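Let's walk through this one together, strand by strand and then core by core. Have the viewer open as you read.

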Amino acid sequence: MSNVQKYKKWIILLVSLLTVTILYYYFFNIQASSELVTTNVEGAYMETNENYGTTKVEQTSEKIEASTIIIDVKGAVQKPGVYEISANARVHEIIEKAGGLSDQADEAAVNLASSLEDGMVVYIPLIGENKENPFQSTNENKDNPKKININLATSEELQTLSGIGPSKADAIISYREENGQFKSIEGLLEVSGIGEKSLEKLKEEVTVN
């Protein structure tokens, strides 16, 4: 009997075990690789979704924020103040938020259909405020000139005062729109460009009533 025949059973058993071992490791490695790929894909998918969700929330927040604007309403309205309103709103809508026009409002001087911008000041003038000032002095009464009401005067009327040019006239109107009407003539000292010397010249020319 040859050695091959003598150890045939052992050789077959050894080859079988080797084959099983190889197959086991082969399928084990394939399964492990598959799980790793699946895990990586799921992780990437979740991360993408999270990032997408965050971006979407941020974009939505920005969109909501951009859909409203802040407007400062002053002048002849029932409830002057700062209001938040739709970015597509018009002047008449922000006036409604401020309680509507007061009895002294000059509605004809305001374009109620105008669009609004964020940070805008909407100022509603009083009746006569943007028209010829009845207190303006005339050549017909030089000996007793009437004083200009700095709470009603237009830019052109203010420029008739001593030392008041276009820039100072605009500064007076801007201050009036932002802070309300002057309570006294001395309030002009709060206006940029007007000092004590300028005020002395203006005292005989202006009034707040």
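Asp72 stands opposite Val121 in strand S3, with strands taken as DSSP E runs of at least two residues and helices as H or I runs of at least four, both numbered from the N terminus. This is a predicted model, where local features need pLDDT of at least 70, side-chain atom pairs count only at pLDDT 80 or more, and totals for chains, interfaces and linings use all residues. Residues are numbered from 1 along each chain as its sequence is written, and side-chain values use heavy atoms, leaving out hydrogens and water.

Back to the strands. S1 covers residues 68–75 and runs parallel to S3 over 4 bridges; two strands pair if DSSP finds at least two bridges between them. With S2, S1 pairs in the antiparallel sense, over 6 bridges, and here Val73 sits opposite Gly81. S1 and S2 make a hairpin, with 5 residues between them.

Put together, that gives an open sheet of 3 strands in the order S2-S1-S3, with mixed pairing. S2 (81–86) and S3 (121–124) are the edge strands, each pairing on one side only. Neighbouring strands are turned by 35 degrees against each other on average, direction ignored; the axes are lines fitted to C-alpha atoms, and angles run from 0 to 180 degrees between N-to-C directions.

Now for the cores. The largest nonpolar core has 18 residues, and Leu158, Ile164, Ile172 and Leu188 have the most contacts inside it. Such a core is a set of buried Ala, Val, Leu, Ile, Met, Phe, Trp, Tyr and Cys residues joined through side-chain atoms within 4.5 Å. Helices H5 (166–179) and H6 (196–202) each supply at least two residues of this core, and the largest share, 3 residues, comes from H5. What is Ile164 in contact with, leaving aside neighbours within four places in sequence? The partners are Leu158, Gln159, Ala169, Ile172, Ile194 and Leu202, where contact means heavy atoms within 4.5 Å. A second, separate core of 17 residues includes Ala76, Val77, Tyr83 and Leu116.

Finally, the rings. The structure holds 1 aromatic pair: Tyr175 and Phe182 are stacked, at 5.4 Å centre to centre and 20 degrees between the planes. Rings of Phe, Tyr and Trp (its six-membered ring) pair if their centres lie within 6.5 Å, and planes under 30 degrees apart count as stacked, over 60 as edge-to-face and the rest as tilted. Phe182 counts as buried because its relative accessibility is 5%, whereas Tyr175, at 24%, is partly exposed. Buried means under 20% relative accessible area, exposed over 50%, and partly exposed in between (1.4 Å probe, protein chains only).
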